[in-house]
Amino acid sequence: MTDATNPLLQPSTLPFGLPDYPAIRPEHYLPAFRAGFEEQLREVARITMVRSMPTFENTLEALERSGELLDRVAHAFYTVSSADATPEIQEIDEQLAPLMAAHQDAITLDAQLYWRVQQVFEQRDALGLDAEQRYLVERHHREMTHAGAALDDQAKERLTALNQKLSTLTNTFERNLLNDTNDLAVVFDSPAELDGLSTGELSAAARAATDRGLDGKLLITLPLFTGHPALAQLRVRESRRRIMAASLARGSRDNANDNRPVLLEIVRLRAERATLLGYESHAAYVTADETAGTPDAVEQMLRRLATPSARNAKTEHAALQTIVDETESAPFAVEAHDWAYYTERVRTARYDIDSSALRPWFEAERVLQDGVFFAATQLYGVTFAERDDLVAYHAGARVFEVRNEDGTPVGLFILDLYTRDSKRGGAWMNPIVSQSRLRGTAAVVVNNLNVPLPGDGEPTLLTLDEVTTLFHEFGHALHGLFATVTYPHFAGTNVFRDFVEFPSQVNEMWILWPEVLDNYARHHETGEPLDPAIVERLRATETFDQGHATSEYLAAAWLDQAWHRVGVDAEIGDVAAFEAAALADIGLDDPAVPTRYSSTYFAHIFSGGYSAGYYSYIWSEVLDADTVDWFRENGGLTRANGDRFRGRLLGVGGSKDPLEAYRDFRGRDAEIEPLLKRRGLGD
């Protein structure tokens, strides 16, 4: 293979630098990564060999210019490895994990480079830097110091070994989870066992079974979180039990996909690394460079919310038990797999709303075009045109060109809606190309969801939760598209982890906004709008079941903190026992309300980027709820409001302290009261 025959080694000629995925074969990736590693190391060596004193231009700007080839290759590959992880791609990913970790350490821990950055940092007041340049100096210095650049050579050697081992283990955790999730998908013999599902849902289950060679069967695949959308509809209790049991079992069986020893080793090595870096725990290490600052600040918030959440969940549980006692011929104690089903019964009785009956009004294409895109156009003036001539990494991924109101280009948005065995669970946004004035690039971003694919000719009808996920992930996409910065370091969603969920959560507000809802919530057959009375009842249910929803989230956030606050000498032999003790400690050990993610399938913290940071969703929601109040106070869905939010928050990417950016937008710090009201946790 030559450079000329490897499409990854040349800049793409496609619009916005979209990789030429049809031309890329798996065997192209490793040679391209090696070339990218070598090129960036040469670029960094040229920086450190400069004989003149360090300046912003010959050190920081030069560092920002480095690694363009590697960034291009890595973004192209990791998009595929998460969304279409064939066995061949998985094998490459496993080989790459330690190589990528070693390369990153070779730069971040480079003593000569760190010296030059430190010199610029110490002189920053006298260099006449603009705001973005100054913040770039401060962030590079902070991040290199935080990562261990000031350690001695022996400590750096151990740190590099730890980072490489951890990269391999997190990759193993993700591979095990994907394999076990596929293995534990629940097979049913007849539609009677799935009584309660719609025709479209049964069609999707039949297609999923057929795709695995199980003709005549029905297959229910598992989402990443503990619960399952189908549990709210399934009338057969044994079917609900089987699905919940399969979900809870992932990664915790004595087989090749057992994640228990993997996560224990991850926890141990992260604790050792934190000690090496001068912190008492991994949680202390992580939060030191987030807006939270310390694990104690996180704990204070989680405990403040846990007590009223658990109390509300018990009240909700009692209401469910009353329904069972009064309506079932043979009453039973409500368990976790019953919760969603009887919650719908209570919701129907109390608010006259059947969530599953709303699906015909949430046809996916209409939600996308007349809901998600419509709200963005109204707020920001941007338009979306599908580019059928552009091919993404999978046939199921669609490409849209995004333009400003004046016709100037913004970038590309790619939507990959449907689940498949080669796609990891959950939903996410990632960049394929990041915007940067320095590099002359615009953004190309992807949203991935895991909606079941219906049978041929059947419409894709979303649940309200799936509608919420689509709006949420598109909020991340807007952040990635709108961030307009000079330096790649600040591109898109490259912000503090406990701030990154803020823009996406804000975007959820438009789901039930009258002019948006009326535009997209139309019956897929008749075109009739959703009854205004139902809409009002939907709004009235916004705090309904929030005890359960908040408790299951807080339980996961606390588990994350518990695992990552252990010291290097801690001896943990039993994952389930540790988990139970942690949940009891915060009062969230109700078996009817299991944690949203149990440890062995908690991908966010053991194979994603949220270790000791899963609290960030509720932390960001303080800003989100406060922002929703601001929009309501200032006229809602207007261009003026959108322009302010885009210009002062989305548009700055990571080039400004996030809380400073929030104050610039809001005029003050965020207040927690709107969040407490939203979740029904007020006094």
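Predicted model: local features only at pLDDT ≥ 70, side-chain atom pairs only at ≥ 80, totals over all residues.
A residue is called buried when its relative accessible area is under 20%, as computed with a 1.4 Å probe on the protein chains only.

**Overall form**

The secondary structure of the protein comprises 25 helices and seven strands. Taken along the principal axes, the box filled by the C-alpha atoms is roughly 85 × 60 × 55 Å. Of the 683 residues in the protein, 57% are buried.

A search of the whole structure returns 43 aromatic pairs. One of them joins Phe173 and Phe606 in a tilted arrangement, with 5.5 Å from centre to centre and 45° between the planes. Phe173 belongs to helix H7 (residues 153–183) and Phe606 to helix H21 (residues 603–606), so the pair ties together parts of the protein that lie 433 residues apart in sequence. Phe173 and Phe606 are both buried.

Ring pairs also link a cluster that consists of Phe499, Phe502, Trp510, Trp513, Trp630, Phe631, Phe645, Tyr662 and Phe665. Two arginine residues, moreover, lie over the faces of aromatic rings, as tabulated here.

| Arginine | Ring | Distance from the ring centre |
|---|---|---|
| Arg250 | Tyr601 | 4.2 Å |
| Arg424 | Trp428 | 3.8 Å |

**Enclosed and open space**

Across the whole structure, the search finds one cavity of 30 Å³ or more, and the volume of the largest cavity is about 40 Å³. Its lining is made up of Tyr380, Gly475, Leu478, Pro503, Val506, Asn507, Trp510, Phe645 and Leu650; among these, Trp510 and Phe645 also belong to the aromatic cluster described above. Helix H15 (464–482) and helix H16 (501–507) each supply at least two residues of this lining, and H16 gives the most, with three residues. By class, the lining of the largest cavity divides into seven nonpolar residues, two polar residues and no charged residues.

The second largest pocket has a volume of about 460 Å³. Its lining counts 24 residues, of which Leu248, Glu579, Pro594, Thr595 and Ser598 lie nearest the centre of the pocket. The elements that give two or more residues to this lining are helix H9 (237–249), helix H13 (336–351) and helix H20 (575–585), and the largest share, five residues, comes from H20. Twelve nonpolar, six polar and six charged residues make up the lining of the second largest pocket, whereas the lining of the largest cavity has no charged residues.

**Backbone points to inspect**

Asp545, a residue other than glycine, has a positive phi near 60°. Asp545 is placed in the loop between helix H18 (532–540) and helix H19 (546–564), and its relative accessible area of 15% makes it buried, because the limit is under 20%. Ala612 likewise has a positive phi near 60° although it is not glycine, and it is found in the loop between H21 and helix H22 (616–633). With a relative accessibility of 0%, Ala612 also counts as buried.

How values were computed:
Residues numbered from 1 in each chain as written. Heavy atoms only, no water. 1 Å grid on protein atoms, 1.4 Å probe; cavity = no way out; pocket = protein on both sides within 12 Å on 5 of 7 lines; lining within 4 Å. Points joined across faces, edges and corners; volume = space filled by probe spheres on them. Helix = DSSP H or I, 4+ residues; strand = E, 2+ residues; numbered from the N terminus. Nonpolar A, V, L, I, M, F, W, Y, C, P; charged D, E, K, R; others polar. Phe/Tyr/Trp six-rings, centres within 6.5 Å; stacked < 30°, edge-to-face > 60°. Buried < 20%, exposed > 50% of the residue type's maximum accessible area, 1.4 Å probe, protein only. Lys NZ or Arg CZ within 6 Å of the ring centre and 35° of its normal.
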